[in-house]
Amino acid sequence: MDKAYVYRPCSSFCTCPPDRVFRTTGYLLFTLHINACIYYWASAYEGLGTTKWTYNGEGNKYLRCYYWAVRSLITIGGLPDPHTSFEIVFQLLNFFLGVFVFSSLIGQMRDVIGAATANQNSFRICMDHTIAYMNNYSIPKSVQNRVRTWYEYTWDSQRMLDESDLLGALPATMQLALAVDVNFGIISKVDLFKGCDTQMLYDMLLRLKSTVYLPGDFVCKKGEIGKEMYIVKQGEVQVLGGSDGTQVLVTLKTGTVFGEISLLAVTGGNRRTADVVAHGFANLLTLDKKTLREILLRYPDSEKLLMKKARVLLRKKAPATEATSPRRGLALRFPPKPETPRILKALLGSPGKAGLVRRLRLKREQAGPDGGRSSEGGECEGTGSKGQGRGPTGRPTHSAAPVTGSRAAWPRGAAQPSLVVSMAPSAEAGEEVLTVEVEEEAQQ
């Protein structure tokens, strides 16, 4: 018994206490050995084979005496009756010792089994309380079934509901050692964290939280403000998109990281651009923005590097065009409005109004005082009826009054020009040429 390492547990993470089983079994075998030796001494004291109770000296001495000790101490019975007073007293003491050994053995086995199922009993109690709560508030059966599934899968996969309970009982050095062995290989592959201080990565490992998602659970939804980074520890998740939001764009497997850009978004957070759904059971490690900010306070150099990388990654992942809302209802009956030509935009824009007035005034000055005639009311007349005329291409054109600034007016006797806009086909197929002319009518 001085070599205790022989009775160590079978594994470091085994839930049963085999050291206690081995120690109890060793105590029992040693007690039986002592009792067998005492029985042989009593038989020799009385005389081998003198009575039916004593050992008759036949066969293997140790095995015969050990067999008698087992039947006596464990109170199996079936032993020959003692005849002499010495034999009766010896047998009575042996029975008393057997009751003590038997009760101790039963108690030890009960403690061993209780210790082996302590975590499972705690899990069952927690699950029963949750089910009672859901029944009390009449939660739908579909939700109750999902809650039961989550409990059962979490217990079967990691034999505990929260890994932080296990790590919280360990010293900080042990927690770091376990976190490095389990998750450092994953976190070191994230492009955002490459080149950062190693000690900062160690602090992040201690803050990661494990979350189990059921099949079909949404990890994040499109349009949400991103506040967490996710690392796929076990299982798969799918990124959904398309017009109806059900097309699988990509499947992320173990070791993949997503949502890391949202950790460093400084203006209201970075919105999610797609839905992410668990494909089967998935175990994800999460790190929230608040925790990362607390860590970066102690590592200013790493914070600068992360902000620089975040800006680069944001530019790479920015969409080329802004997403437009789908057309619904009556909007489907009408075609979308065509884009306004850039030349016309320049003319209609606020900066272009003043420029247009200047051009009209310059044209009037070049035409001279007899270049046109004015009309009362400040209206502009075109070359045809109702302000319509023909452009250089023969197409009908529309005349428009000149755009003037605040309280602007044409001087008396001056011709009021007309703005003629026309479209003509271009030499290249599918294109047209926009022509803008300023016309003045001669004074009559």
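A helix axis, as used in the first view, is a line fitted to C-alpha atoms over the stretch in contact. The structure shown in every view is a predicted model.

**View 1. Helix 2 and helix 3 cross in the predicted model, with their axes coming within 8 Å.** Helix 2 covers residues 61-73 and helix 3 covers residues 85-116, and the two axes cross at roughly 65 degrees. Angles of 65 to 115 degrees count as roughly perpendicular, and helix 2 and helix 3 are therefore described as roughly perpendicular to each other. On the side of helix 2 the contact is made by Trp68, Ser72 and Leu73, while helix 3 contributes Phe90, Gln91, Asn94, Phe95, Leu97, Gly98 and Val99. Sorted by class, this contact of helix 2 with helix 3 holds six nonpolar and four polar residues, but no charged ones.

**View 2. Ser138 sits in the loop between helix 4 and helix 5.** Although Ser138 is not a glycine, its phi is positive, at about 55 degrees. Residues over 50% relative accessible area count as exposed, so Ser138, with a relative accessibility of 62%, belongs to the exposed class.

**View 3. The largest pocket has a volume of about 1300 Å³.** Its lining is made up of 43 residues, of which Gln158, Met160, Asp162, Glu163 and Leu166 are the closest to the centre of the pocket. Several elements each supply at least two residues of this lining, among them helix 6 (163-168), helix 7 (172-187), helix 8 (198-207) and strand 1 (209-213). By class, the lining of the largest pocket comprises 19 nonpolar, 17 polar and seven charged residues.

**View 4. Tyr230 is a buried residue of strand 4.** The relative accessible area of Tyr230 is 5%, and since buried means under 20%, Tyr230 is therefore placed in the buried class. When its neighbours within four places in sequence are left aside, Tyr230 is in contact with Tyr213, Val219, Thr256, Val257, Phe258, Arg272, Leu284, Leu285 and Thr286. The C-alpha atoms of Tyr230 and Glu260 are separated by 7.3 Å, although the two residues are 30 positions apart along the chain.

View 5. The chain has 444 residues, of which 30% count as buried. Among the contacts with a separation of 6 or more, 66% are accounted for by residues 24 or more positions apart.

Technical notes. Residues numbered from 1 in each chain as written. Predicted model: local features only at pLDDT ≥ 70, side-chain atom pairs only at ≥ 80, totals over all residues. Heavy atoms only, no water. Axes fitted to C-alpha atoms, helices over the stretch in contact; angles between N-to-C directions. Helix = DSSP H or I, 4+ residues; strand = E, 2+ residues; numbered from the N terminus. Parallel < 35°, antiparallel > 145°, perpendicular 65-115°, else oblique. Contact = heavy atoms within 4.5 Å. Nonpolar A, V, L, I, M, F, W, Y, C, P; charged D, E, K, R; others polar. Buried < 20%, exposed > 50% of the residue type's maximum accessible area, 1.4 Å probe, protein only. 1 Å grid on protein atoms, 1.4 Å probe; cavity = no way out; pocket = protein on both sides within 12 Å on 5 of 7 lines; lining within 4 Å. Points joined across faces, edges and corners; volume = space filled by probe spheres on them.
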